[in-house]
Amino acid sequence: MPRHRLNFSNIVTTALPLCLIALFSACSPQTAPPQAQEITAGTTCTLDGMLLSDYPGPKAQIHYAEGPPEFFCDTVEMFSILLRPESQRRIRAVYTQDMGQAGWKQPRGHWIDARTAYFVQGSTLKGSMGPTFAAFERREDAEAFSKKYGGKVLRFAEVTLEMADLRGGATHDEHM
């Protein structure tokens, strides 16, 4: 049976490059998440093709690891997509609008990370799909909104798929 001798030179020439690649990979800076994109007059909802600028309430956008961002005319749609097990994709960023800064009837700008936002569920104000989750960067703003318009303050992780029910929106509006 042939005997193999450990050759220090072979170990160094094989292992050293692999170790350097691993070291540089671990130390390389993480790529920053993509910036939120502003809504234009022609920006449409990924789910139903509605023009986002035509409707009140907070909008949302999801930036995936691959492909263009998807836009939603309502935060209920955003949660519906994010929480469905069959639609799980690698996500780089999720944005919604801070309703403590943006106007309800025609929200523009004021994009915040949806995963760190406070949401008010069950207020009297409606979004494009009917009942919606009003989004806020600051808890104080969410609580003030809740006092004025009703609803319960939740964190992103507290919202469930059952709460993100799309059946209350356009499908039940007899005036559309």
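In helix α3, which spans residues 139-149, the buried residues are D141, A142, F145 and S146; buried denotes a relative accessible area under 20%, exposed over 50%, and partly exposed in between, with a 1.4 Å probe and protein chains only. Viewed down the axis of α3, these buried residues fall within an arc of 135°, so they line one face of the helix; the arc is that of the directions from the helix axis to the C-beta atoms. An α-helix has 3.6 residues a turn, so residues three or four places apart point the same way. On the other side of α3, K147 and K148 are exposed. The buried residues of α3 pack against β5 (118-127), β6 (130-136) and β7 (152-155), where contact means heavy atoms within 4.5 Å. Just after α3, G150 adopts a positive phi of about 80°.

The coordinates described here belong to a predicted model, in which local features need pLDDT of at least 70 and side-chain atom pairs count only at pLDDT 80 or more, while totals for chains, interfaces and linings use all residues. Residues are numbered from 1 along each chain as its sequence is written, and side-chain values use heavy atoms, with hydrogens and water left out.

The chain contains 3 helices and 7 strands, taken as DSSP runs numbered from the N terminus (helices: H or I, at least four residues; strands: E, at least two). Along the sequence, their order is α-β-β-α-β-β-β-β-α-β. Of the 176 residues in the chain, 38% are buried. Among contacts between residues at least 6 apart in sequence, 61% join residues at least 24 apart. The chain exposes about 11000 Å², of which carbon and sulfur atoms supply 56%; the areas come from the Shrake-Rupley method with a 1.4 Å probe.

The average pLDDT, the predictor's confidence in each residue on a scale from 0 to 100, is 83, and 78% of the residues score at least 70. Over residues 11-29 the pLDDT stays under 50, and the model has 3 contacts beyond four places in sequence for this stretch. Over residues 169-176 the pLDDT is likewise below 50, with 6 contacts in the model beyond near neighbours in sequence. Where pLDDT is low, the predicted coordinates should not be read in detail.

In α2, 8 of the 9 residues are buried, so the helix is largely enclosed by the rest of the structure. The buried residues are T75, V76, E77, M78, F79, S80, I81 and L82, and they pack against β1, β2 (70-72), β3, β5 and β6.

The largest nonpolar core has 20 residues, and those with the most contacts inside it are I62, M78, F79, F119 and F133. Such a core is a set of buried Ala, Val, Leu, Ile, Met, Phe, Trp, Tyr and Cys residues joined through side-chain atoms within 4.5 Å. Two or more residues come from each of β1 (60-64), α2 (75-83) and β6, and α2 gives the most, with 5 residues. Beyond its neighbours within four places in sequence, I62 is in contact with P69, E70, F72, M78, I81, L82, I91, A93 and V94.

The structure also holds 7 aromatic pairs, counted when rings of Phe, Tyr and Trp (its six-membered ring) have centres within 6.5 Å; planes under 30 degrees apart are stacked, over 60 edge-to-face, and the rest tilted. F79 and F119 form an edge-to-face pair, at 5.0 Å centre to centre with 75° between the planes. This pair links distant parts of the chain, since F79 lies in helix α2 and F119 in strand β5, 40 residues apart. Both F79 and F119 are buried. The ring centres of W104 and F145 are 5.7 Å apart and their planes lie at 25°, so this pair is stacked. W104 lies in the loop between β3 (91-97) and β4 (111-113) and F145 in helix α3, so the pair ties together parts that are 41 residues apart in sequence. W104 and F145 are both buried. Ring pairs also link F79, F119, F133 and F156 into a cluster.

The loop between β3 and β4 holds H110 as well. This residue, which is not glycine, has a positive phi near 55°, and H110 is partly exposed at a relative accessible area of 40%.
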